[in-house]
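Please find my notes on this model below. They take confidence first, then two residues in turn.

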Amino acid sequence: MLIITFLQSFLLCLILTSQLAKSSTETTTSAGHSIPFPSYEHLNIKESIAAATNLRPAAASTTAQYTDQESNLKPTHHNISSFKLNLLHRDKLSFSWNNNHGRRFEARMKRDVKRVASLTRRLGGGGAAAYEVADFGSDVVSGMEQGSGEYFVRIGVGSPARSQYMVIDSGSDIVWVQCQPCSQCYHQSDPVFDPADSASFSGVSCGSSVCDRVENSGCHAGRCKYEVSYGDGSYTKGTLALETLTIGRTMVQNVAIGCGHMNRGMFVGAAGLLGIGGGSLSLVGQLGGQTGGAFSYCLVSRGTGSSGSLEFGRSVLPDGAAWVPLLRNPRAPSFYYVGLSGLGVGGMRVPIAENTFQITALGDGGVVIDTGTAVTRLPTAAYVAFRDMFMTETANLPRAPGLSIFDTCYDLNGFVTVRVPTVSFFLSGGPILTLPARNFLIPVDERGTFCFAFAPSPTGLSIIGNIQQEGIQISFDGANGYVGFGPNIC
């Protein structure tokens, strides 16, 4: 029994290889690490359903690295080389708790459709003109739709630090919180931040170089104004300020944040957004030389009792990862693109033209790694070929009607385990990222309906979503322009 448990756990691990093999054979990653490669594995049906449906919300007091009243955890002002935050999925937070898995799934897919619609309008042909605002504003569009924040961290804002839930967004270049006086605010779980209570809050003047970094910034009474619009009509408007953030036990001073006095949306209880995109005003960009543009995150697998992590600093970059170049799209500098040359199913390469995933000369297409999108999207032709090969390899499994955005589902009620092919991403330079079954065959209800968790993209843009990222350590080396996969699991 112990051997079976070990094998099941091992097969869920991240597997990165430099060449695809038909069966379990020894291969080598681009980092030189030799590990087995399974083309098929057995998915435990009951365990998968239990993991998805037996979540428990975490209390706010247990998710913070500190609380406002704690004095024994003394923050430091200096030597900012690395720091770590707990990372929680929204389904584990008490303010967003819904005990019905089917309803949670339906709500998540609705959020996902909005997110992808916003991203594809921005990156897949819609252009920035769709987000022009009347007086002042920024066309920095994260795609975080109304209520679509998927992962949260708890940080301190101001001096003394006030704990706030923040949505993390790898496609956004701004850090913002709702602020008093709030002429228009949505509901959040913590008290709205009041800059009058913070000794470190400092407004940014219109002539400041920081204000110049905000696209289409405005000016009112000598203060720099900002506005960020989101694809569904949600927005945040207010003044730009410098403030101290407490991240774990580290105090980071003079971080440019948006102090939002008019905010529209339902950001599921969060006070605001922590942008970790590739631009200069994101938290990663502002930390700059202090962390070398480096960060790493683990989106913990569904159903586990632990939290994921978000870490900053060059010291958190792992040895043994498979590193591939980050691609930059001048049209969308906030987003992290990665080269993808093909897809695999069960040890076989899917017949797809390599240029399917390339960024065009006009900045369309390409493959974005996104924390805010749940389900990976692929251009329609690539998706159809990928799906059809998967269906061929699972022809022995009973089918179920499509559900929500999924057109390939299975009725696995009554099964203990099923044998399914693993799927792979062929990355630029040779490494292959192979996913365990739980990262692409997911339960959508409590009755045993499982769906193939990929969907067609409405444009040539591909998005690697957070379901496919779960359990894999993903690291960004911004200074050298690389993204790493593995070797650790979460």
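1. Terms and basis. Buried means under 20% relative accessible area, exposed means over 50%, and partly exposed lies in between (1.4 Å probe, protein chains only). This is a predicted model: local features need pLDDT of at least 70, side-chain atom pairs count only at pLDDT 80 or more, and totals for chains, interfaces and linings use all residues. Residues are numbered from 1 along each chain as its sequence is written, and side-chain values use heavy atoms, with hydrogens and water left out.

2. Confidence. pLDDT is the predictor's confidence in each residue, from 0 to 100. The protein chain has a mean pLDDT of 79. Of its residues, 76% reach 70 or more. Two stretches need care. Over residues 1–36, pLDDT stays under 50. Where pLDDT is low, the predicted coordinates should not be read in detail.

3. Pro379. This residue sits in strand β22 (residues 376–379); strands are DSSP runs (E, at least two residues), numbered from the N terminus. Pro379 is buried, at 10% relative accessible area. Beyond four places in sequence, Pro379 touches Thr356, Phe357, Ser457, Thr459, Gly460, Leu461 and Ser462 (contact: heavy atoms within 4.5 Å). Thr459 is 80 residues away in sequence, yet its C-alpha lies 6.3 Å from that of Pro379.

4. Arg331. The loop between β17 (322–327) and β18 (336–338) holds Arg331. Arg331 is partly exposed, with a relative accessible area of 26%. Leu362 is 31 residues from Arg331 along the chain, with 8.1 Å between their C-alpha atoms.

Definitions and conventions: Helix = DSSP H or I, 4+ residues; strand = E, 2+ residues; numbered from the N terminus.
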